Amino acid sequence: MSLVPEDEVRADPSHVDTARAAAAVRELLLAVGEDPDRPGLRDTPTRVARAYAETFAGLWQDPAEVLATVFDEDHDELVLVKDIPMYSTCEHHLVPFHGAAHVGYIPAEDGRVTGLSKLARLVDVYARRPQVQERMTRQIADALDENLKPRGVIVVVEAEHLCMGMRGIRKPGSTTVTSAVRGIFRDNAATRAEAMSLVLGR
Ligand SMILES: Nc1nc2c(ncn2[C@@H]2O[C@H](COP(=O)(O)OP(=O)(O)OP(=O)(O)O)[C@@H](O)[C@H]2O)c(=O)[nH]1
Ligand SMILES: [Zn+2]
């Protein structure tokens, strides 16, 4: 029995096999001893499948497309978007880790910049995947580096992992900070320190 109507599967633009995901959620509910046919849970498998399609939409998005918008602004100093809200999913436990990303770069010699919103979109492309925080941080930095060829890139992510709060070691409120620097921020300690103080200064 298909749990999701065929046309809904076809209409799903995220390429996620929602019928398969819904069947898996139903199995999970049975595995933990629930009754997936009771009224409160009847629509849960398809609902979770749709939510997963959204949560993991980044798997089907191309960072190069996101960064295709560029302007000639002749700006050759730091551009930094701070406190970009970020929700991702820890690939070990499939529970959220969330917090803020700070993304900055110093444009290439030709002064080309991208749209500010594109930095936030880039964060989402990598956050909406099964992730570990370190890899997500590096991927954001590398995508900027490869597509804009800037003189430097700095990415800092501060996040709380629910797998460390709601279960396991149970330390809610702890924050994990990761950074990735490229170009001048990697080569020059003073430039890096200056950017870091702007990123983390409140
Ligand atoms: N480095 C890193 N570790 C992560 C991240 N998200 C979750 N983890 C860790 O992944 C590890 C998985 O450890 P395992 O021992 O395989 O799993 P577990 O028995 O559920 O571990 P506990 O969480 O300690 O209960 C845990 O230490 C998590 O804290 C992340 O983004 N980066
Ligand atoms: Zn985890």
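Predicted model: local features only at pLDDT ≥ 70, side-chain atom pairs only at ≥ 80, totals over all residues.
Local features need pLDDT of at least 70 and side-chain atom pairs count only at pLDDT 80 or more, while totals for chains, interfaces and linings use all residues. Residues are numbered from 1 along each chain as its sequence is written, with chains lettered from A and ligands numbered from 1 in the order in which they are written.

**View 1. The whole chain.** Nine helices and seven strands make up the secondary structure (DSSP runs numbered from the N terminus; helices are H or I, at least four residues, and strands E, at least two). The C-alpha trace spans about 60 × 40 × 20 Å along its principal axes. Of the 202 residues, 30% are buried (20 or more other C-beta atoms within 10 Å of the residue's own, with C-beta atoms placed from the backbone).

**View 2. The largest nonpolar core.** This core has 30 residues (buried Ala, Val, Leu, Ile, Met, Phe, Trp, Tyr and Cys joined through C-beta atoms within 7 Å). Elements giving it two or more residues include β2 (79–90), α5 (116–127) and α6 (133–148). Apart from it lies another core, of five residues, including Val16 and Val25.

**View 3. Leu122 and its contacts.** Leu122 is among the core members that touch the most others. Leaving out residues up to four places away in sequence, Leu122 touches Pro63, Val66, Leu67, Ile140, Ala143 and Leu144 (C-beta atoms within 7 Å).

**View 4. The shell around ligand 1.** Among the surrounding residues are Cys90, His92, Glu134, His161 and Cys163 (C-beta atom within 6 Å of the ligand). α6 and α7 (162–165) each supply at least two shell residues.

Terms used
Buried ≥ 20, exposed ≤ 12 C-beta atoms within 10 Å, placed from the backbone. Contact = placed C-beta atoms within 7 Å.
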